[in-house]
Amino acid sequence: MNAVFEPITGRYVTLDISGVTQRIYFEEAGQGTPVVCFHTAGSDNRQWRFILNDDELTRTHRFIAPDMPWHGKSLPPAGWQTQQYDLTTKTYMDTVLAFCDALELDRPIFAGCSMGGRIALQLALHHPDRFAGFIAIEASDFQPAWYDIDWFHRPDAPGGEMGAALISANIAPQSPEVERWNTQWLFMQSGPGVVRGDLSFYTRDDSLVGQLHRIDTAKAPVHIMVGEYDLTCTPEDARRTAEAIPGATLDVMPGIGHFPMSENPERFHPHFVSALTRMAEPGSGQ
Amino acid sequence: MADTSDLIVRFERMRTNLNRTPHLRRLGALFSETVLIQIDDEEFYLFFDKGQLARIEPGPSRKTPWRFALRTDADALARFWEPMPAPGFHDIFGLIKIGRGRIDGDILCLVKNLRFFKEFMDFGRGELTV
């Protein structure tokens, strides 16, 4: 029998977020500098499994990847059946901060992709003292929808499979077949209305526009990463954003789309290693 | 300008590949629609029946109803069908995002059958050997 156990462990923590009781599932691996890793819209912490399984990086870093409420193995809050899920910037930031407090993390590095990259920039603006640095992946100040987000939740269409087919446009053709489809599988598993509610935050909250110059990278560095095949947050969007943040750095990743750590972990790896080294000292990205 | 005979050959190859692909026959089991592919001024009507491409008819035709249409230009489609397409040319929605394609008609029908249709369109990738 050839059984291979991974070093990843999973736990649950119940905590109050904005006055609402939430049961959060998280996975972690490694020892050292804490790095909290947040997933994209409509997915869960399995997007980060290759980083959590990385022998080299886990020698020096403790990676902690939660499922946001409503995602993966974190349940939606009590009463969800009558609510319309619409993620907001405030709830999202409260979730990150409450989670870090619950785990008693001292100035962790924040790494987030897509909507996780957007919240990285919001945290860099509003709570730079709470983090050692921000790795904002597929991140920009604002992306209005170029599609109807209500497509993702309607009674006459299969939200998960349809959503996966739509977001596959954001996966680079170079990405290996297995991980291309695993990335879509995570999307197919998102609960009804979750992608729509995530995209409500991502495509309608423009509160970062005009605020990027106020981000102080001397307090905590900001490093933006973007895949060249990302249609949602294009390299031009990421460049516009990075150029508006004094001291921010930018890495455009060839042959990668919107889900770097999930769709092509091998190609993403050296870029993420480089990003982590930039988090070593405040302002080091300048 | 699109080369009509080359495009017919390519669509025929796509039909052959579709016939050889059991998972798409399963995914397309409920897909019986006519799709218009317009390349510059060239029109092609693809008649799908339960996930099989029953026939291909060149246009133009004002009398043929279609469910949805994908409109693009010959250069964009050639780049879409390259083995390793450049960013923006790698997906039909990429063509739309970069302003080289348009979808008209019943878009909901398209997105409900999106995986089927995208994998069908991907069969056009690669060199054309007649």
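This report describes the interface between chain A and chain B and several local features of chain A. The structure is a predicted model.

**The interface**

The size of an interface is often given as the accessible area lost when the parts come together. Between chain B and chain A, the buried area is about 1,700 Å², and carbon and sulfur atoms give 73% of it. On the side of chain B, the residues that lose the most area to chain A are B:H90, B:K97 and B:L108, which together account for 31% of what that side buries. The contact involves 20 residues from chain A and 18 residues from chain B.

Six residue pairs are in polar contact across the interface of chain B and chain A, with both residues at pLDDT 80 or more, whereas the rule finds zero salt bridges there. Helix 4 (92-97), helix 5 (107-112) and helix 6 (114-122) of chain B are the elements that give two or more residues to the side touching chain A. By class, that side of chain B has nine nonpolar, six charged and three polar residues.

**Strand 6 of chain A**

Strand 6 of chain A covers residues 133-137, and because five of its five residues are buried, it is largely enclosed by the rest of the structure. In a regular strand the side chains alternate between the two faces of the sheet. In strand 6 of chain A, A:F134 and A:A136 point one way, while A:G133, A:I135 and A:I137 point the other way. Strand 5 (residues 109-113) of chain A pairs with strand 6 of chain A in the parallel sense, over five bridges. Within this pairing, A:I109 stands opposite A:G133.

Leaving aside neighbours within four places in sequence, A:N170 is in contact with A:Y229, A:D230, A:L231, A:T232, A:G257, A:H258, A:F259 and A:E263. With one of these residues, A:L231, there is a polar contact: a polar atom of the side chain of A:N170 lies 2.8 Å from the backbone nitrogen of A:L231.

The C-alpha atoms of A:Q81 and A:L125 are separated by 34 Å, and the two residues are 44 residues apart along the chain.

Methods. Residues are numbered from 1 along each chain as its sequence is written. Chains are lettered from A and ligands numbered from 1 in the order in which they are written. This is a predicted model: local features need pLDDT of at least 70, side-chain atom pairs count only at pLDDT 80 or more; totals for chains, interfaces and linings use all residues. Side-chain values use heavy atoms; hydrogens and water are left out. Contact means heavy atoms within 4.5 Å. Buried area is the accessible area (1.4 Å probe) that two parts lose on being put together, summed over both. A salt bridge is a side-chain nitrogen of Lys or Arg within 4 Å of a carboxyl oxygen of Asp or Glu. A polar contact is a pair of N or O atoms within 3.5 Å; within protein, one must be able to donate a hydrogen and the other to accept it, and residues adjacent in sequence count only if both atoms are side-chain atoms. Helices (H or I, at least four residues) and strands (E, at least two) are DSSP runs, numbered from the N terminus. Ala, Val, Leu, Ile, Met, Phe, Trp, Tyr, Cys and Pro count as nonpolar, Asp, Glu, Lys and Arg as charged, and the others, Gly among them, as polar. Buried means under 20% relative accessible area, exposed over 50%, partly exposed in between (1.4 Å probe, protein chains only). Two strands pair if DSSP finds at least two bridges between them.
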